[in-house]
Amino acid sequence: MATIDEPLYPIAVLIDELKNEDIQLRLNSIRRLSTIARALGEERTRKELIPFLSENNDDDDEVLLAMAEELGVFIPYVGGVEHANVLLPPLETLCTVEETCVRDKAVESLSRIGAQMREQDLVEYFIPLVKRLAAGEWFTARVSSCGLFHIAYPSASETFKTELRAIYSQLCQDDMPMVRRSAATNLGKFAATVEPAYLKTEIMSIFEDLTQDDQDSVRLLAVEGCAALGKLLEPQDCVAHILPVIVNFSQDKSWRVRYMVANQLYELCEAVGPESTRADLVPAYVRLLCDNEAEVRIAAAGKVTKFCRILNPELAIQRILPCVKELSTDSSQHVRSALASVIMGMAPVLGKDATIEQLLPIFLSLLKDEFPDVRLNIISKLDQVNQVIGIDLLSQSLLPAIVELAEDRHWRVRLAIIEYIPLLASQLGVGFFDDKLGALCMQWLNDKVYSIRDAAANNVKRLAEEFGPDWAMQHIVPQVLDMINNPHYLYRMTILHAISLLAPVMGSEITCSTLLPVVVSASKDRVPNIKFNVAKVLQSLIPIVDQSVVEKTIRPCLVELSEDPDVDVRFFATQALQSSDQVMMST
Amino acid sequence: MNGGDEVAAAPSGPPQPLEWKFSQVFGERTAGEEVQEVDIISAIEFDKSGDHLATGDRGGRVVLFERTDTKDPGGSRRDLERMDYPISRHPEFRYKTEFQSHEPEFDYLKSLEIEEKINKIRWCQTANGALFLLSTNDKTIKFWKVQEKKIKKISDMNVDPSKAVSNGSVASSSNSNSAKQYLANGGWPEKSYGCPSNDFTFPPGGISSLRLPVVTSNETSLVARCRRVYAHAHDYHINSISNNSDGETFISADDLRINLWNLEISNQSFNIVDVKPANMEDLTEVITSAEFHPNHCNMLAYSSSRGSIRLIDLRQSALCDSHAKLFEEQEAPGSRSFFTEIIASISDIKFAKDGRHILSRDYMTLKLWDVNMDSGPVATFQVHEHLRPKLCDLYENDSIFDKFECCLSGDGLRVATGSYSNLFRVFGCGPGSAEATTLEASKNPMRRQVQTPSRPSRSLSSITRVVRRGAESPGVDANGNSFDFTTKLLHLAWHPTENSIACAAANSLYMYYA
């Protein structure tokens, strides 16, 4: 219809495409819903667009998801908070759809809108909505309702509050496990809005029901609720109500529940306070460390440092350390690996003497573990233990472990150790490094695997940064430059790459005197790949070196390459020349 | 047996044998019509309410049927002509929809063809009137949503659609190149008007000339959409899938492993059972079927080719290679023969609705087990005892490896399983019941009823004797009935709440009630 003004045309198309056959176009329109709303104006948005969207509830899930998201930020387009309630009906419909991600998004948007709504509107529109959803025929609606109580509750009147609490308690006993899971997930949020008096009575009894649910999946979520609820309660109530539950959970028949406790224990300790932690949770934790399910031990072992931090050193040494010793020889490599990744953190907690006496033997045995991940995890946290006992004690056992990892047949293991070399270098100091590790770093530049050579080049650069140009001139650069004569072009390429990385660190003078000649001579290489890489390296050197050097050395070399028979060499040479022109113009 | 205590209290003693009547047939073959391989039904499953029935076939299709006698039949649709409506209370179904679930594929890494044949179908929780189901072939499980969608008619567009079409772009598109297309048409002056950017100011009252499209719809159609694909988790052929009572997870079992999935997450699964030996030459046993307990989320049972059923508890450990309970019948000493191990293989297991009993089917028998009694089955029903003389022939033509399914009635008082010649057998398993009925999957199910009440196994000596005799007249049993080993009734399902059985005879779906 040609009556539409020409600047409006794109919007007209956008509106029409809300109902296009092509899902991409519909999605596109929904994503730009705010544009459509602004074009229609606030009133027509309220009266036409929103009802229109409400009817659009059997669209594809992707479209519904986008719609749920857009509506969450739609308050400005319907005329501000006093009209926010018009957004509720379409979101209510979206709260009932089958696809979980759409429902979750709709609940999120509803919460966001509800948080901004005026109190009387909440009472008039939002609370009835929550009640409708909670009484929904399909479980989908009831699942969604659980996530909205914490918005509705604070502004409700006394009678409504009583009713809402009763409804929530009902949802926690729903026939469908999905609903109970949702109720368990959201219990903490809802409890935070409930008055302390009811918290201790009604909410706690709801919570207790959930902790005894038949479905493991519900109890799992109840564990997560422990910490949140505990933080809301007075310490003594927490000890009275939450602590027994945690202790029970830590002995649950289901390993998944115990796993959850192991994962959450630190937060739970915070909730019950240090006193009860020492008295009640240490035994529970020790049990989890010795659990017969490896997954539980993995989770428990991963928390050992965090847990020790809230204990005093004596208790940690007395109770936890024996378990740690056991775990360091656990039959599951994953347990040992989890332990290795945190055990270094125990050193500052235990102090120097205990560390040397008790922890060091464990470190050393883990450093000799047959499983590379375990060794790597120890090495990656070396700085923590270094602060406590100094490197001398460790270095003797460290070196064989590093050398073995450096030569591991799995390239990913070699890659991992390379990434820790700068850390090791900074911890071990120049002297130690020169003697033992320098050769390894050079060896990696000749590795068979590209990723290792690439990482090795980077490593060389980081070492130069760590120890400074002078050291690098002596210990790295000559060896690196030697390798430019490697008969295989791929290795020569690695050296070019290393040079381009080293140059900025070494500074203009060394670059001109030492690095540049090597690059220029490489431009005579017989392999085109080397030549165009020379062009790329030269381009990267331009900003580093002096203008006169560019004119005298780099440009002539590039000009020569730009006449190379190989098309790629010409391309990169020309590109480098152009960039040197730009540098000249700007200066 | 203990399972039927509640019902056993009925004063009239054992329940009367049911009298089965023909109810419906879908896809009946006309005389002389040849069965297309792709049409052969390979899976049958009622949903939890019994309002829907799904079948899968070798062609990778899933066909859904819906119950008509509980709801108002409503507007008549396809296939209504198949059924005349007597006023009846037994379940009646009509064709609802069908969709192509799996396509034939080729695994290039292993140079293996992957058939599209549907091995199993399982219904998931219904939500919002949409139906959900899982279907699987040998390798890939798919999660389907079947939903009514309105057929929409759009009118009152801002832009004349005919004009847009004449422009060569279907209903135009709102990205910037659409503007160019219109320009090229000459219908629009040269001015920049891409998508209005944020600095484009709208009048405060909005623009009145814009309108929203008007959607009218009066018809709906059923649309099946594949919501998720759970692939690449099985090295061997998937034989079972089963939903957990928590509504969020399910398992899939192949010959050597069982994996646990979350319905919402298709890119990872957890291996919970792995019976693969370090050296494949040590392999003595494969998994043949697996099912979750109907209401304990942590229990599942799986059966093996050596005739054992293992009950495992997911709470005990993450890897459930050690079972919580083992159900196995000790073979009578001295009765071993070449076929003993082959016929011991369990082809299907099903939990009773109460979760107390497990029904298993091996080649010769149906066995009912009490989960609290692992010393032996509480009842054994002879299904193929009359075939014992012919095991040799059955071995030679591979029939001995046929995988018959079994099912229990909703009240747990009867069990059923299939046989050859399109026969299926129903047994009463309530206390004192001697009910044993043989029915033929045809419009006259009682036509070929053979009275072969359950009886103890014969001794070895009789085997050798009758094997010889069997060889002389293959295909004829002791009663003089001929058996057709090519027409086998492998798949059948019992309605969850009523005495109604759906069974598959080649490409036809027969429904019976009592």
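## Salt bridges in the model

A salt bridge is taken here as a side-chain nitrogen of Lys or Arg within 4 Å of a carboxyl oxygen of Asp or Glu. By that rule, Arg26(A), Asp59(A), Asp60(A), Glu62(A), Lys149(B) and Arg225(B) are linked in a network of salt bridges. The structure is a predicted model, and a search over all its chains finds 58 salt bridges.

## The interface between chain A and chain B

On the side of chain B, 60 residues are in contact with 59 residues of chain A. The size of an interface is often given as the accessible area lost when the parts come together. For chain B and chain A this buried area is about 5400 Å², with carbon and sulfur atoms giving 53% of the total.

Across this interface the rule finds 10 salt bridges, and the count of residue pairs in polar contact, both at pLDDT 80 or more, is 20. Two strands of chain B, β10 (141-155) and β11 (214-230), each supply at least two residues of the side that touches chain A. The most is given by β10(B), with 7 residues. Sorted by type, the residues on this side of chain B divide into 23 nonpolar, 22 polar and 15 charged. One of the pairs in a salt bridge is Arg225(B) with Asp60(A), whose closest N and O atoms are 2.8 Å apart; both residues also belong to the network that includes Lys149(B) and Glu62(A).

In chain A, the side chains of Asp525(A) and Arg492(A) meet in a salt bridge with an N to O distance of 2.9 Å. Asp525(A) lies in the loop between α32 (508-522) and α33 (528-541) of chain A, while Arg492(A) lies in helix α31 (residues 489-506) of chain A, so the pair ties together parts that are 33 residues apart in sequence. Both Asp525(A) and Arg492(A) are buried.

In chain B, the side chains of Lys120(B) and Glu405(B) meet in a salt bridge of 3.9 Å, N to O. This pair links distant parts of the chain, 285 residues apart, with Lys120(B) in strand β8 (residues 120-123) and Glu405(B) in the loop between α5 (391-396) and β24 (406-408) of chain B. Lys120(B) and Glu405(B) are buried. A further salt bridge in chain B joins Lys350(B) to Asp348(B), the closest N and O atoms being 3.2 Å apart. Lys350(B) has a relative accessible area of 14% and is therefore buried, and Asp348(B), at 2%, counts as buried too.

## Buried sites in chain B

Ser508(B) has its place in strand β30 (residues 508-513) of chain B, and because its relative accessibility is 2%, Ser508(B) counts as buried. The side chain of Ser508(B) reaches the backbone oxygen of Gly27(B) at 2.9 Å, and a polar contact of 3.3 Å joins the side chains of Ser508(B) and Asn507(B). Not counting residues up to four places away in sequence, Ser508(B) touches Val25(B), Phe26(B), Gly27(B), Glu28(B), Arg29(B), Ile41(B) and Cys503(B).

Ile238(B) lies in the loop between β11 and β12 (240-243) of chain B, and a relative accessible area of 1% makes Ile238(B) buried. Leaving aside neighbours within four places in sequence, the contacts of Ile238(B) include Asn119(B), Asn137(B), Lys139(B), Ile141(B) and Asp254(B). Ile114(B), in strand β7 (residues 112-114) of chain B, is also buried, with a relative accessible area of 11%.

Chain A averages a pLDDT of 89, and 98% of the residues score at least 70. Among the elements of chain A, the lowest mean pLDDT, 73, belongs to helix α23 (residues 382-389), and the highest, 96, to helix α9 (residues 139-146). Where pLDDT is low, the predicted coordinates should not be read in detail.

Helix α27 (residues 438-445) of chain A is mostly covered, since 6 of its 8 residues are buried. The buried residues in α27(A) are Gly438(A), Leu440(A), Cys441(A), Met442(A), Trp444(A) and Leu445(A).

Conventions. Residues are numbered from 1 along each chain as its sequence is written. Chains are lettered from A and ligands numbered from 1 in the order in which they are written. Side-chain values use heavy atoms; hydrogens and water are left out. Contact means heavy atoms within 4.5 Å. Buried area is the accessible area (1.4 Å probe) that two parts lose on being put together, summed over both. A polar contact is a pair of N or O atoms within 3.5 Å; within protein, one must be able to donate a hydrogen and the other to accept it, and residues adjacent in sequence count only if both atoms are side-chain atoms. Helices (H or I, at least four residues) and strands (E, at least two) are DSSP runs, numbered from the N terminus. Ala, Val, Leu, Ile, Met, Phe, Trp, Tyr, Cys and Pro count as nonpolar, Asp, Glu, Lys and Arg as charged, and the others, Gly among them, as polar. Buried means under 20% relative accessible area, exposed over 50%, partly exposed in between (1.4 Å probe, protein chains only). pLDDT is the predictor's confidence in each residue, from 0 to 100.
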